[in-house]
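Here are some friendly notes to read alongside the model. Take the points in order and find each residue in the viewer as you go.

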Amino acid sequence: MSFLSYFRSYSAALLAGAISCLSLPAQAQLQVHSARWEVLAGGNESCDASAQLQRICNGRRFCQVAVTPENLCHGDPAYGKQKVLEIQYSCDGVRQQHSGFPDGAIAALRCERGGNLPRITINSARWEAPGAGSCDALRQIGRACNGKDICDVFVDQRYVCGSDPAYGVAKQLNIQYSCNGRQQSMLSFGDGQLGQINCRNSQRAPSSPVVSNPPPNRAPVHGGRLQVQEARWEVVGGGSWCDATRQMSAACDGKSECDVPVAANYLCNGDPAYGKQKRLDVKFTCNGVQMPQLGFFDGGIAQLRCSGSVSNPTGVQRGSHSGGSHHGSGLYITGARWEVNGGGAWCDATPQMGVACNGRRYCELRVEPRNLCDGDPAPGRYKTLEVRYNCNGRQQSAVGFPDGSMAALRCE
């Protein structure tokens, strides 16, 4: 299918709210010709969302709308089925390649004048675990990215292939693409990661495209070796749990680094407490030296690193979200507020974002009730998670993430 759009400087503006538009100077203008919200696999279940998109986008140079029943068609045309919003539009009268956006994503259209911006063409996309299974994702990735200058890719079966080609096995999505016909280096993204395909950078460095995250299972660095001692996936605050030591050991032991999605098809034999907020706590050694216990929230990536130097392992330590000033390196959450767009009910999600992010270079947490606050502050209403944070002690611009998206922060 297609992918969630968010995260980095481009995404900070893109995801500020469910519907947001920049007013038009005497510049480029958008014109939406049609918008159809339809079942990805095909069929008669669809609806015409042209009126909503035209009202929001026509005559502007940038617009965005969340792909949800609240914003499109006056309701979901195929409840429980995976759909895509297909948009046909033009920029200054020039017909553009259609864009497709999946359920829960932010449909964003941009029209820039002067614009010989390089455009993405996906040449091949394969989600694979060598020897275990693979699938061809060219249709879904192409549908999401072709004709754009920047495209975000979320590696999940809902957006890639439509089904998991190697259930329970760590895979990589390998993408070959070009910018205005110029072949770029292959990109690889691991399961659960948010990657970015960026043709804007190709004007400066066509051979060095942006990679959101390193692929998992890379070769050892400086001889470091991991050994997982215990991995326990449990409800935050106590309750149901399961032993994930076997799966984490199989993925990580003997390696210098490993990445395991915190999800039911990778841990234990299923979710020990469906619908409840959980954390995967991992005890491990690096070259025989005991490391601090690390915790990773549902929907994130359990990242263990052992690069020969054991003084600064990557991860979230228990208690890293405690209050007070932060003078160390990496991310530090200063505030997180999950609130109804335009004002209304809200809750403080600072503790949860702190546990997920503080002290790390990269973190991610899905914006949903089991991960934030003590539940949804306004069920059925569209909300945004507003996050304020420091990077290496320096205050960064606040970023916003809509319901259902992956709140991802990076500190280089």
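1. Let us begin with aspartate 191, which sits in the loop between strand E14 (187-190) and strand E15 (194-198). Helices (H or I, at least four residues) and strands (E, at least two) are DSSP runs, numbered from the N terminus. Before going on, note that this is a predicted model, in which local features need pLDDT of at least 70 and side-chain atom pairs count only at pLDDT 80 or more, while totals for chains, interfaces and linings use all residues. Residues are numbered from 1 along each chain as its sequence is written, and side-chain values use heavy atoms, with hydrogens and water left out.

2. Is aspartate 191 buried or exposed? Aspartate 191 is buried, at a relative accessible area of 6%. Here buried means under 20% relative accessible area, exposed means over 50%, and partly exposed is in between (1.4 Å probe, protein chains only).

3. What does the side chain of aspartate 191 make a polar contact with? The partner is the side chain of tryptophan 127, at 3.0 Å. A polar contact is a pair of N or O atoms within 3.5 Å; within protein, one must be able to donate a hydrogen and the other to accept it, and residues adjacent in sequence count only if both atoms are side-chain atoms. Leaving aside neighbours within four places in sequence, the residues in contact with aspartate 191 (heavy atoms within 4.5 Å) include Val155, Val169, Pro261, Tyr266 and Ile301.

4. Now look at the largest nonpolar core, which has 25 residues. Such a core is a set of buried Ala, Val, Leu, Ile, Met, Phe, Trp, Tyr and Cys residues joined through side-chain atoms within 4.5 Å. Among the residues with the most contacts inside this core are Ile333, Met353, Leu385 and Val387. Elements giving two or more residues to the core include strand E23 (331-340), helix H5 (350-357) and strand E26 (383-391). Apart from this core lies another, of 24 residues, with Cys242, Val260, Ala302 and Cys306 among them. In soluble globular proteins, nonpolar side chains tend to be buried together.

5. Leaving aside its neighbours within four places in sequence, valine 387 is in contact with residues including Ile333, Met353, Phe401 and Leu409.

6. For a contrast, find arginine 394 in strand E27 (residues 394-395). Arginine 394 is exposed, with 64% relative accessible area. Its C-alpha atom is separated by 9.9 Å from that of serine 329, 65 residues apart along the chain.

7. Which residues of helix H2 (residues 50-57) are buried? They are Ser50, Gln52, Leu53, Ile56 and Cys57. Viewed down the axis of H2, these residues fall within an arc of 165 degrees, so they line one face of the helix; the arc is that of the directions from the helix axis to the C-beta atoms. The face turned away from that buried side carries the exposed residues Ala51 and Arg55. Just after H2, glycine 59 has a positive phi of about 85 degrees.

8. Strand E4 (residues 62-66) is largely enclosed by the rest of the structure, because five of its five residues are buried. On one side of E4 are Phe62, Gln64 and Ala66, on the other Cys63 and Val65. Five bridges join E4 to strand E8 (residues 106-110), and the two run antiparallel; strands pair if DSSP finds at least two bridges between them. Glutamine 64 stands opposite alanine 108 in E8.

9. How many disulfides does a search of the whole structure find? The search finds nine, a disulfide being a pair of cysteine sulfur atoms within 2.5 Å. One of them joins cysteine 47 to cysteine 73, S to S 2.0 Å. Cysteine 47 lies in strand E3 (residues 46-48) and cysteine 73 in the loop between E4 and strand E5 (83-91), so the pair ties together parts that are 26 residues apart in sequence. With 85 degrees about the S-S bond, this link is right-handed.

10. Another disulfide joins cysteine 179 to cysteine 199, S to S 1.9 Å. This link is left-handed, with -95 degrees about the S-S bond. Both cysteine 179 and cysteine 199 are buried.
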